[in-house]
Amino acid sequence: SFGSKPELNTAGKIGRYLSLVNYNINPVTSAMFITATAPNPLIVSLIAKGTHGSFELSWSMWAIAALVPGLCSLIVMPLVIYLLYPPEVKSTP
């Protein structure tokens with residue numbers, strides 16, 4: 001809708017920025033929730049095995065621990081991408 005198409009070599013209008021933000025948000029949100037991606041439960045299992053069951057990481061503990069770094073990343077990451085790859089379209093009507 002903004003004329004940002006790779007085949008027309010106009011991806012810099014807004015498409016590149018939106019694609020990069022979308023691509024980088026996915027790993028952040030996957031890390032924030034224990035059930036969001038396969039490696040997270042594996043990490044929980046390795047922690048339990050490594051501590052011989054004396055420490056077990058629950059879903060709520062994971063969520064609380066990931067809340068601040070996850071939210072900070074979700075706020076800062078689009079700004080960093082905006083500075084590195086600024087879109088030509090700065091506002092929408």
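## The start of the chain

Not counting residues up to four places away in sequence, Lys-5 touches Thr-10 and Ala-11; contact here means heavy atoms within 4.5 Å. Lys-5 sits in the segment before α1. With a relative accessibility of 40%, Lys-5 is classed as partly exposed.

## About the model

What you are looking at is a predicted model, in which local features need pLDDT of at least 70, side-chain atom pairs count only at pLDDT 80 or more, and totals for chains, interfaces and linings use all residues. Residues are numbered from 1 along each chain as its sequence is written, and side-chain values use heavy atoms, with hydrogens and water left out.

pLDDT is the predictor's confidence in each residue, from 0 to 100. Over the chain its mean is 89, with 99% of the residues at 70 or more. Confidence is lowest in α1, where the mean is 91, and highest in α3, where it is 94. The helix names come from DSSP runs numbered from the N terminus: helices are H or I runs of at least four residues, and strands are E runs of at least two.

## How α1 and α3 pack

Two packed helices are described by the angle between their axes and the distance between the axes. For α1 (residues 15–32) and α3 (residues 59–84), the axes come within 9 Å and cross at roughly 170°. Each axis is a line fitted to C-alpha atoms, for helices over the stretch in contact, and angles run from 0 to 180 degrees between N-to-C directions. The two helices are therefore roughly antiparallel. That label belongs to angles over 145 degrees, while those under 35 are roughly parallel, 65 to 115 roughly perpendicular, and the rest oblique.

The residues that α1 brings to this contact include Tyr-17, Leu-20, Val-21, Asn-24 and Ile-25, and among those from α3 are Trp-62, Ala-66, Gly-70, Leu-74 and Tyr-82. By class, the contact of α1 with α3 has 17 nonpolar, four polar and no charged residues. In this count Ala, Val, Leu, Ile, Met, Phe, Trp, Tyr, Cys and Pro are nonpolar, Asp, Glu, Lys and Arg are charged, and the others, Gly among them, are polar.

Gly-70 belongs to helix α3 and counts as buried, at 5% relative accessibility. Leaving aside its neighbours within four places in sequence, Gly-70 is in contact with Val-28 and Met-32. The C-alpha atoms of Gly-70 and Ile-25 are separated by 9.7 Å, though these residues are 45 apart along the chain.

Tyr-17 lies in helix α1 and is buried, at 17% relative accessibility. Beyond its neighbours within four places in sequence, Tyr-17 is in contact with Pro-78, Ile-81, Tyr-82, Tyr-85 and Pro-87. Between the C-alpha atoms of Tyr-17 and Ile-81, 64 residues apart along the chain, the separation is 7.0 Å. Tyr-82, in helix α3, is partly exposed at 33% relative accessibility. Not counting residues up to four places away in sequence, Tyr-82 touches Tyr-17, Pro-87 and Lys-90.

Ser-30 is in helix α1 and is buried, with a relative accessible area of 17%. A polar atom of the Ser-30 side chain lies 2.9 Å from the backbone oxygen of Asn-26. Leaving aside its neighbours within four places in sequence, Ser-30 is in contact with Ala-36, Thr-37 and Asn-40. Asn-40 is found in helix α2 and counts as buried at 6% relative accessibility. With neighbours within four places in sequence again left aside, the contacts of Asn-40 are Ser-30, Ala-31, Phe-33, Ile-34 and Trp-62.

At 74% relative accessibility, His-52 counts as exposed. Most residues other than glycine have a negative phi. The phi of His-52 is near 55°, a positive value in a residue other than glycine.

Key: Buried < 20%, exposed > 50% of the residue type's maximum accessible area, 1.4 Å probe, protein only. Polar contact = N/O pair within 3.5 Å; in protein donor to acceptor, adjacent residues only side chain to side chain.
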